[in-house]
Amino acid sequence: MLNTVSVLAQETKSAPRVQENAIEGLSFYPNPATSGKIYITTKNNEEKQITIYDVLGKKVLQTLLMARELNISSLSPGVYIIKIEEGAGSATRKLIVR
């Protein structure tokens, strides 16, 4: 009796995620957002330019954030893209509003 084990190895070459000038210590929560507010913190906690887009790419909110708390109560439930810019750094994340 001959047992044959076949192992398939697939080499994945995913493009490295380019995060130019990433924002150090970036955290935003809660996500999904349910209370009409999200909190955005970074290591430096400088003022941030916040831009939120809907899934079609339409800008739905833009503000300069001096504190940690961002009021998003004007957003309808759905999926959004949030772009956070602080100093020379920027980051883009998915935001879910329920």
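Predicted model: local features only at pLDDT ≥ 70, side-chain atom pairs only at ≥ 80, totals over all residues.
**Entry 1. Overall composition**

I began with the secondary structure of the protein chain, which comes to zero helices and seven strands. Read along the sequence, the pattern is accordingly β-β-β-β-β-β-β. I then looked up burial: 28% of the 98 residues of the protein chain count as buried. Among contacts with a separation of 6 or more, residues 24 or more positions apart account for 49%.

**Entry 2. The three-stranded sheet**

I next asked in which order the strands of the open sheet are arranged. The order is β1-β2-β5, and the pairing is antiparallel. The edge strands are β1 (27-29) and β5 (69-71), each of which pairs on one side only. I looked up the angle as well: neighbouring strands of this sheet are turned by 25° against each other on average, with direction ignored.

Within this sheet I examined the contact of β2 with β5. Strand β2 covers residues 37-41, and three bridges join β2 to β5 in an antiparallel arrangement. At the residue level, I recorded Glu-69 in β5 as the bridge partner of Tyr-39.

**Entry 3. The β6-β7 hairpin**

Strand β6 spans residues 78-86 and pairs with β7 in the antiparallel sense over nine bridges. One of the residue pairs I looked up is Val-79 with Ile-96, the latter being the bridge partner in β7. The hairpin of β6 and β7 has two residues between the strands, and Gly-87 takes a positive phi near 60° there.

I also followed Ala-91, which is placed in strand β7 (residues 89-97). Is Ala-91 buried or exposed? Ala-91 is buried, because its relative accessible area is 2%, against a cut-off of under 20% for that class. Ala-91 and Glu-24 are 67 residues apart in sequence, yet their C-alpha atoms are 9.9 Å apart in space.

**Entry 4. Backbone of the loops**

In the loop between β2 and β3 I looked up Asn-45. Phi of Asn-45 is near 45°, a positive value in a residue other than glycine. Asn-45 counts as partly exposed because its relative accessibility is 42%, which falls between the limits of 20% and 50%.

**Entry 5. A nonpolar surface patch**

Finally, I asked which residues make the nonpolar surface patch. Val-55, Leu-56 and Val-79 make the patch, with an area of about 330 Å². Of these, Val-79 is the residue I had already noted as the bridge partner of Ile-96 in β7. Val-55 is found in the loop between β3 (48-54) and β4 (59-65). Why does Val-55 count as exposed? Its relative accessibility is 62%, and the exposed class requires over 50%.

Methods. Residues numbered from 1 in each chain as written. Heavy atoms only, no water. Patch = residues over 30% accessible without salt bridge, like charges linked within 9 Å, V, L, I, M, F, W, Y side chains within 5 Å. Areas by Shrake-Rupley, 256 points an atom, 1.4 Å probe, with all protein chains shown as cover. Salt bridge = Lys/Arg side-chain N within 4 Å of Asp/Glu carboxyl O. Helix = DSSP H or I, 4+ residues; strand = E, 2+ residues; numbered from the N terminus. Buried < 20%, exposed > 50% of the residue type's maximum accessible area, 1.4 Å probe, protein only. Pairing = 2+ DSSP bridges. Axes fitted to C-alpha atoms, helices over the stretch in contact; angles between N-to-C directions. Contact = heavy atoms within 4.5 Å.
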